[in-house]
Amino acid sequence: MTTPRTNTAAGSRAPLIDGIEKVTGQAIYTADMETEDCLIGRVLRSPVSHGRIVSIDVSKAAALPGVVGIVTGDDCALTYGVIPIAMNEYPMARDKVRYRGEPVAAVAAINADIAAQALDLIELNIEKLPANYEPSDSRRPDAAQLHDDKPGNLEREVHHHFGDMAAGWAEADLIREGTFRGAETNHAQLEPHAALAEYDPERERLTLHSVSQVPFYVHLMLARCMEMDSSRIRVVKPFVGGGFGARTETLNFELICGLLARKCGGKVMMRLSREETFVTHRGRPDTEVRLKIGLTKTGKITAVECEVTMSGGAYAGYGLVSILYAGALLQGIYDIPNVKYDGYRVYTNHPPCGAMRGHGTVDVRHGFESLLDRMARELGVDPFAVRRANLLQAPMFTLNGLMVNSYGLGECLDKVEAASGWAERRGKLPPGRGLGMACSHYVSGAAKPVHWTGEPHAVVAMKLDFDGSVTVLTGASDIGQGSTTIVAIAAAEILGIDMGRVRVVTNDSAITPKDNGSYSSRVTFMVGNAAIEAAKALRVKLINAAAKKLEANPEDIECEGETFYVRGGSQSVLAFQDVVFAALAEEGTITVKGTFTTPIEAQGGKHRGGAVGSTMGFSYAAQVVEIEVDTDTGQIRIEKVWAALDCGYAINRLAVEGQIEGSVWMGMGQGMSEETRYVDGLPAHASFLDYRFPTIVESPDIEVHIVESIDPLGPFGAKEAGEGALSGFPPALVNAVADAIGMEVDFLPLTPDRVMEELIKMRRKARRKEVSA
C-alpha cells in the first residue's frame, strides 16, 4: 500500500476524464463506426428451444443480389467459452440448437434490407426435441439431454464442508430453515450489442472493434475459433455504454462478425437489436436457495447449511464460477464456524446465463440476510445486534481460505444505524411504513484469472516525452466505472503533477499492454497498483535528473506541485518541465512499466474450487431501507436508502459515491421489478418497454456514507466500490416489508401482484384464526 502524502489527486472529487465526451455526444461507440464501405451483418436464429439441425440450405440467399457472404456452423468447428475447461458453445449451432434465438447462420450484405431478405431465403430444417425450461424438468430421469457429456443436465455440482456441523447445531438455541427464490434478471445496459470487423485478405489480418469488457478474452477466442495466429488479430474497445457483466465473456456475435468479415474479405458492421441483445443474455440465473441457520440466544451464528440450484441456460459460460461463488462468499463477511454448501448448476433450454453485477452472491445474500432477520425477531434481538455479534477480526483467514486484511463492516453498521434514526424510529412509523437493514460484501478482483498464464495480473506502461505529458497505456476496460480516471489519478498523485498532464490510452491490443478485463471489480485494485508502480519508476528517473541538476543526493529531493527542490537545503527550485528536459537528455523518450501480481496467500484454499471467491480485499456494506406499502394495491414505494460502504480508501470520492448509488439502484431493480420471463423459450420481456427496471421516477433519496479501512495491499489503501452494496438492498427491502406489514416473503422481485397474493394469504390465515378462536 502507498499512503498519499499531499492528496492533491488521490482522495479528491474528480469528474471522470472521459465524461465530457459522453455528456456532449462526442463519444464514439461501436455502433457509431459504420462507414460507407461497411457490409451489414445479420443473424438467423433458431425458432425452437431444442432441436436437431437436419439441414441448412443457403443457396437461395447466396444468389440474392447484394449478398456478399454467408456463414453457418460449418464455418467454425471449434467451441468457445470463458472457462478453459468448459468451452461447449459454438458461434453458430452445429448439429443441435439448445435455446430459442440461438444463432444458426449469418449474412453480410450491402445494406440491411437485403440482409433481412437473405435471412428469409435461408431454408432451415430442424427436428424438434423436448425442451426443459426448469431445473426440475432437466433433472428428471427421463429428461432430454442438452449435452451428451453432462448426464442429468448437470453442468456442475459443488460440495463443500468446513468445521463440525453436528457440534454447530448442538450449540444453537434456535435453528430455522427457509427456501428463497430469485428471478432471472438481465443487465439491461443502455447500449445494445455491436461489433465491427475488418479483414485484410492480402495480409491475413483481422481488426475487431466491439463492446466488450474483456478484449483480451475476445482476442483469444477469435484466434481459436477462426484458427488464426493471435499476432494477426487486433482488438479495440471504443467507448462502451455499460456492461454490468453482460460483456465479461466473448459473445457469439463478435465471433460471427469476424467470420463474416473473413468470408467477405472486407468490413462488416453488426448491430444487434434490443431483442437480440436480450437473447444473447448472460444475465443472473433463476436461483433457488435453501438455507438453515443456527443461532445462540445472543445472535451468534453457530452453523450454516446452504443448498443452491441455478438455472444456467443452455451453455456453460461462467456457470462453473457462479455456482462456486455462491458458496464461497457465504464466508468472508461474518464469523461462521461451521459451513456446509451444496451447489447445482443445471442446464435448461433458455439463453445462457453468466456474470452480473455482484456475480454469484446476490440471491444467496438475499436469503441469508432475510432468514437472519426473521430469527432475530424470534429471539427478540435487534437486527444490528445480531450482525455485530458475528463481526470478523481482521486480519484473518476464513475457513475456506479467504484472506481478510481490512474490515470496516462495524463502522458501516454504525453509520447507517445513526443516520437512519433506527433506534428512535423503528416500530414507531405510521401504518404501512417500515425500516429494514442488511449487510453485504464483494471481492476486489478474482485472485486467480480464468485464463491462467503465469503473467502478472495487470501491466501498465507510462511514457514521458518532450511535451512534458505523461501518457499512460493500459488494456483495462473503462465501461463507465471510472477506471481510466483512477489510473490518471494514480499517475498524478505519485508524480506530484496536475491531472491535465496525464493522457490515458486504453484498449487497443496493438498498442496497450494486455489486461484481463473489467470483471469482479478487479481494475482499481490490480491496475491501480500497477499504475502506482509505473509512476514510482518514472518518479525515480525524474528525481535522479533533478538531483544531478541541483547537485544533491536523490534521497534529499522532494517533488510537490510540479516543482523539485532539496529538502532542507538551498532555495533552488526546478519546474517540472525543466526536470523533464534534464531526464530526456539522459536517455531520450522515457518509458517505464508497472505490474501487479496477486500474493500467493490471497489465492484461496486448497480444496477443489478454492480459488473462486479468493481476493486481495473485500468491500463491506450496510444498508437501511425505509419503505411504504400500499396494502390495497401491493405497491411498494422506497422512501429513502442509507448506504455505507467500506471501500478501503476513496481514491475518487465522486466516483465512489456514484458507484454506491448505482449498486443500490440495481439492487432495487432486482428487489422490486426486474425479471426475465419466457413463453415456450421465447423471451417475453425483451424490450425496455416490457423489462421493468426502475427509472428516475422510482429512484429514492440515497444517502451515501464512505468508510475507509485502508487495506494494506490496496492502491492507496483502496478496495472495490462498484458491487459490494448491491446484494444488501433486496434483503433490506424484504426486511422492511416485514417491519411495515408483518409479511415475510421468500421471493424476488416483490412485484405488486405477488405482494397482493401474499397479502390475500395473510388475510385468509387471519380470518381462519379468528374463526377457530
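Visitor: How much space lies in the second largest pocket?
Guide: About 530 Å³. Keep in mind that this is a predicted model.

Visitor: Which residues are closest to its centre?
Guide: Gln-635, Ile-636, Met-672, Ser-673 and Pro-752, out of 23 lining residues.

Visitor: And what is the lining like, in terms of nonpolar, polar and charged?
Guide: Eight nonpolar, five polar and 10 charged.

Visitor: Which helices and strands each supply at least two residues?
Guide: Strands E26 (618–629) and E27 (636–646), plus helices H17 (653–672) and H19 (752–772).

Visitor: Switching to sheets. What is the order in the six-stranded open one?
Guide: E7-E15-E14-E13-E8-E31, with mixed pairing. Strands E7 (154–162) and E31 (747–748) are at the edges. Each has a single partner strand, so one side of each lacks a neighbour in the sheet.

Visitor: How many bridges join E8 to E31?
Guide: Two, and the strands run parallel. Arg-181 has Phe-747 in E31 as its bridge partner.

Visitor: What about the peptide bond from Leu-748 to Pro-749, cis or trans?
Guide: Cis, with omega near 0 degrees. Pro-749 sits in the loop between E31 and H19. The bond from Ala-394 to Pro-395 is cis too.

Visitor: Now phi. What is the value at Ser-520?
Guide: Near 50 degrees, so positive in a residue other than glycine. Most residues other than glycine have a negative phi.

Visitor: Is Ser-520 buried or exposed?
Guide: Buried, at 11% relative accessible area. Phe-244 also has a positive phi, about 60 degrees. Phe-244 is partly exposed, at 31%.

Terms used
Residues numbered from 1 in each chain as written. Predicted model: local features only at pLDDT ≥ 70, side-chain atom pairs only at ≥ 80, totals over all residues. Heavy atoms only, no water. 1 Å grid on protein atoms, 1.4 Å probe; cavity = no way out; pocket = protein on both sides within 12 Å on 5 of 7 lines; lining within 4 Å. Points joined across faces, edges and corners; volume = space filled by probe spheres on them. Helix = DSSP H or I, 4+ residues; strand = E, 2+ residues; numbered from the N terminus. Nonpolar A, V, L, I, M, F, W, Y, C, P; charged D, E, K, R; others polar. Pairing = 2+ DSSP bridges. Buried < 20%, exposed > 50% of the residue type's maximum accessible area, 1.4 Å probe, protein only.
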